[in-house]
Amino acid sequence: MRLNASLILTASLVGTLSVINVAAAADAAKPEMTGKQIAYDKGLGNCLACHAMPTMPDAESAGTIGPPLIAMQARYPDKAKLRAQIWNAMDANPNTVMIPFGKNKVLTEQEIDKVTDFVYGL
């Protein structure tokens, strides 16, 4: 009986380790998201909920709450100001309805950098 219990415990541990290894491999295999993917993702940036992107043919269901994201380098010659706007738009305009993506930890620092790079190129 003791041998059976030992075999069952060993099999359970091996099975658990296999599941952990498969999960770790799945996470490692996930490619990093681009700024565009983050901006379009409804669970992350979701920029299209509020902004149109007229130069992006695949920007579907664009919102009209915020200004269109076009000619961003002309509007934000200092890229750091655009990043600050994405981080917390309330710093520049306390009455904004834009989500403070960084301040509220909706996006990570790296995700904000990627979205900033993407939006800056529009």
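The model is predicted.

**Overall fold**
- Read from the N terminus, the elements follow the order α-α-α-α-α.
- Of the 122 residues in the protein, 27% are buried.
- Among contacts with a separation of 6 or more, 41% join residues 24 or more positions apart.
- The protein has an accessible surface of about 8,300 Å², and carbon and sulfur atoms account for 62% of that area.

- In soluble globular proteins, nonpolar side chains tend to be buried together.
- Here, the largest nonpolar core contains 21 residues, with Tyr40, Met53 and Phe118 making the most contacts inside it.
- Helices H2 (35–40), H4 (79–87) and H5 (109–120) each contribute at least two core residues, and H5 gives the largest share, five residues.
- Beyond its neighbours within four places in sequence, Met53 touches Tyr40 and Phe118, as well as Ala39, Cys47, Leu48, Ala59, Leu69 and Leu122.

**The largest pocket**
- This pocket has a volume of about 440 Å³ and a lining of 25 residues.
- Nearest its centre lie Cys50, His51, Met98, Ile99 and Phe101.
- The lining has 18 nonpolar, six polar and one charged residues.
- H3 (72–75), H4 and H5 each supply at least two lining residues, with H4 giving the most, three residues.

Methods:
Residues numbered from 1 in each chain as written. Predicted model: local features only at pLDDT ≥ 70, side-chain atom pairs only at ≥ 80, totals over all residues. Heavy atoms only, no water. Core = buried A, V, L, I, M, F, W, Y, C linked by side-chain atoms within 4.5 Å. Buried < 20%, exposed > 50% of the residue type's maximum accessible area, 1.4 Å probe, protein only. Helix = DSSP H or I, 4+ residues; strand = E, 2+ residues; numbered from the N terminus. Contact = heavy atoms within 4.5 Å. 1 Å grid on protein atoms, 1.4 Å probe; cavity = no way out; pocket = protein on both sides within 12 Å on 5 of 7 lines; lining within 4 Å. Points joined across faces, edges and corners; volume = space filled by probe spheres on them. Nonpolar A, V, L, I, M, F, W, Y, C, P; charged D, E, K, R; others polar. Areas by Shrake-Rupley, 256 points an atom, 1.4 Å probe, with all protein chains shown as cover.
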